[in-house]
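Subject: Structure for you to look at

Hello,

Here is the structure I said I would pass on.

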Amino acid sequence: MVRLTDYVTSGGCACKIGPHILERVLKSVTSVTNERVLADMTGADDAGVYKISDTLALVQTLDFFTPVVNDPVLFGKIAAANALSDVYAMGGTPLTAMNIVGFPISLVEQGVLTDVLNGAASIVAESGAAIVGGHSIENKEPIFGMSVTGQVDPNHIWKNKGAQVGDVLVLTKRIGTGIMNNALKADLFPTGTAQAVASMSTLNRVAAEVAHNFTIHACTDVTGFSLMGHSVEMASASNVTIHIKTYDIPLFDDVIEAAQMGLVPAASYGNRKAITDVQVDANLDGVWTDIFFDPQTSGGLLFSVPATEGADLVKALLDVGVEGATIVGAVESFSGLAVRVTK
Amino acid sequence: MSNTNELTVDVRGSLCPKPVIETKKVSDANPDAIITTIVDNEVSRDNIEKFGKSRGYDVAIGQDGIDFFIKLTPNVETAPETGCKPMNYSDRIILMTKDYLGEGSEELGRNLMKTFWVCMVEADVKPSTIYFINSSVKMVTNDSVHLDNIKKLADLGVEIAACGICLDYYGLKDQVGVGSITNMYAITDAIVGENLVKL
């Protein structure tokens with residue numbers, strides 16, 4: 001039986017190049033843009049948006065990574081759900097997807113790639129989009145991902161920018177996939193890892209559809225830069241301070257124990273080095289730092305909605321089976337730092 | 001001098017979580033051994049330190065060039081030879097199962113519980129950890145009459161940990177005034193593996 005994660009050093013969004021390193025690189029790269037570009041990498045948004053007409057814009061994104069789980073079908077599902085998520089995070093609908101493949105020939109011959117592609121296809125089918133192609137190369141470490149194109153009404157794009165004082169923050173999936181992916185490699189914590197795998201392979205489609213019935217001031221998906229990093233991005237873009245309430249953060253079972261045991265991915269340490277615009281209550285146990293900065297793979301959506309609608313949104317999400325839905329914080333007027341964290 | 005087993009885990013060149021996994025394997029098989037894990041990156045150093053502390057080891061970290069040596073020494077239970085250790089911790093774990101003490105009259109049980117915490121603060125030998133399940137979790141919340149004494153125990157180094165599901169059940173998760181929130185996995189581990197007193 002092939003153990004996909006044995007082929008890689010770090011998996012999922014935990015294998016991302018750290019934001020502080022990336023920033024240094026991008027600073028010295030010439031930007032190529034025009035007036036039809038409504039969102040690109042400069043705004044820290046989840047996907048690029050290109051205006052076609054007054055009522056139609058393209059949402060484009062891609063994402064790929066090394067295996068986070070051993071089951072190839074599940075790996076395909078997780079990679080697809082993760083790639084599609086950026087379109088939902090912008091308020092869009094996915095239209096087409098293409099496969100991005102780097103694989104060792106030995107694994108291809110064992111049928112592993114076939115399983116990965118079938119797993120991804122099942123999730124793309126669920127999203128309503130079509131798979132229209134792809135590209136593959138031979139590579140020592142297996143990598144897989146997708147490039148996704150969607151559409152959005154240019155007047156109703158969900159951006160990082162727009163969170164308003166008095167809003168509450170609703171998160172739609174539990175936190176801890178980075179830590180649980182490490183636990184999975186160690187064959188520990190079967191309950192928590194099973195929950196994390198189920199969560200990672202779930203599309204953000206249903207959560208986004210429900211949220212379209214509410215007043216969404218800002219939205220992002222919580223991925224590699226962690227709950228803290230993506231909260232900072234939303235707060236900075238919106239010129240507000242986001243207040244996260246630690247004990248309200250929904251966690252997979254066993255996350256705290258696994259973190260205490262030292263199953264903390266390297267990207268978590270990278271995140272905390274890069275993300276400094278944060279004030280954390282000094283009375284909190286140190287393990288929470290590992291959780292705040294844990295890189296998420298195929299994480300949930302984070303909505304900023306008027307406080308009057310927060311509880312209703314959570315209820316509507318829970319009603320359709322978005323089981324992680326929780327209010328995790330509130331938006332306050334800017335008090336010097338992007339995010340403050342209390343118990 | 002010492003007949004304690006000393007083992008080395010050399011995981012230089014490995015990235016997380018492998019150093020933790022390898023160290024855990026050696027620790028599981030040799031619980032009484034002193035283990036030195038050698039790593040060559042800060043992430044693994046920090047993770048091995050966390051692992052050591054979570055397992056109750058004394059953790060010492062040395063560095064030689066780019067290599068880190070993390071020495072994990074099992075906590076010795078016997079009294080120290082030079083008498084300057086302020087507190088004598090036993091390896092005992094207490095599992096609190098309700099917010100009154102003993103069977104019979106609940107009213108009496110509640111009074112006994114008050115006395116129990118006062119005595120525990122004064123006791124020479126303290127447990128290493130006190131777990132709280134079911135209604136006993138009420139005792140670690142802000143409205144608890146026992147909070148001050150349990151806080152004193154926490155300040156003295158006794159680990160206080162309440163069951164998260166139980167706090168949820170009573171709607172008290174945001175009212176915790178002392179210690180940490182844990183889950184049934186950790187509690188089960190303790191019940192099976194440790195020297196346990198149930199109250």
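A term first: two strands pair if DSSP finds at least two bridges between them. Strands (E, at least two residues) and helices (H or I, at least four) are DSSP runs, numbered from the N terminus.

The model is predicted: local features need pLDDT of at least 70 and side-chain atom pairs count only at pLDDT 80 or more, while totals for chains, interfaces and linings use all residues. Residues are numbered from 1 along each chain as its sequence is written, and chains are lettered from A and ligands numbered from 1 in the order in which they are written.

The sheet in chain A

Strand E3 (residues 57-65) of chain A and strand E6 (residues 143-152) of chain A run antiparallel and are joined by nine bridges. Within E6(A), A:Gly150 is the residue opposite A:Val59. These two strands belong to an open sheet of six strands in chain A, with the order E1-E2-E3-E6-E4-E5 and mixed pairing. Strand E1 (37-39) and strand E5 (130-138) of chain A are at the edges with a single partner strand each, so one side of each has no neighbour in the sheet. On average, neighbouring strands of this sheet are turned by 20 degrees against each other, direction ignored. For background, strands of a sheet pair through backbone hydrogen bonds, either parallel or antiparallel.

Helices on the sheet

Angles here run from 0 to 180 degrees between N-to-C directions, with axes fitted as lines to C-alpha atoms, for helices over the stretch in contact. Two residues are in contact if their C-beta atoms, placed from the backbone, lie within 7 Å. H2(A) lies across E3, strand E4 (93-103) and E6 of chain A, at about 30 degrees to E6(A). H4(A) lies across E4, E5 and E6 of chain A, and runs at about 170 degrees to E4(A).

How many residues of H2(A) are buried? The count is 17 of the 18, so H2(A) is largely enclosed by the rest of the structure. After H2(A) comes A:Gly91, with a positive phi near 85 degrees.

Domains and chains

Chain A has domain 1 (4-156) and domain 2 (167-342); such bounds come from an automatic or database domain assignment. The C-alpha centres of these two domains of chain A are 21 Å apart. In chain A, 29 residues of domain 1 are in contact with 33 residues of domain 2. On the domain 1 side, helix H1 (19-27), helix H2 (72-89) and helix H4 (112-127) of chain A each supply at least two residues, and the largest share, 10 residues, comes from H2(A).

The contact between the chains takes 18 residues from chain A and 18 residues from chain B. On the chain A side, helix H5 (177-185), helix H9 (255-260) and helix H10 (266-274) of chain A give two or more residues.

Chain B is divided into domain 1 (6-74) and domain 2 (88-198), and their C-alpha centres are separated by 31 Å. Chain B contains six helices and 11 strands. Of its 199 residues, 29% count as buried. The C-alpha trace of chain B spans about 60 × 40 × 25 Å along its principal axes.

Regards

Key. A residue is buried if 20 or more other C-beta atoms lie within 10 Å of its own, exposed if 12 or fewer, and partly exposed in between; C-beta atoms are placed from the backbone.
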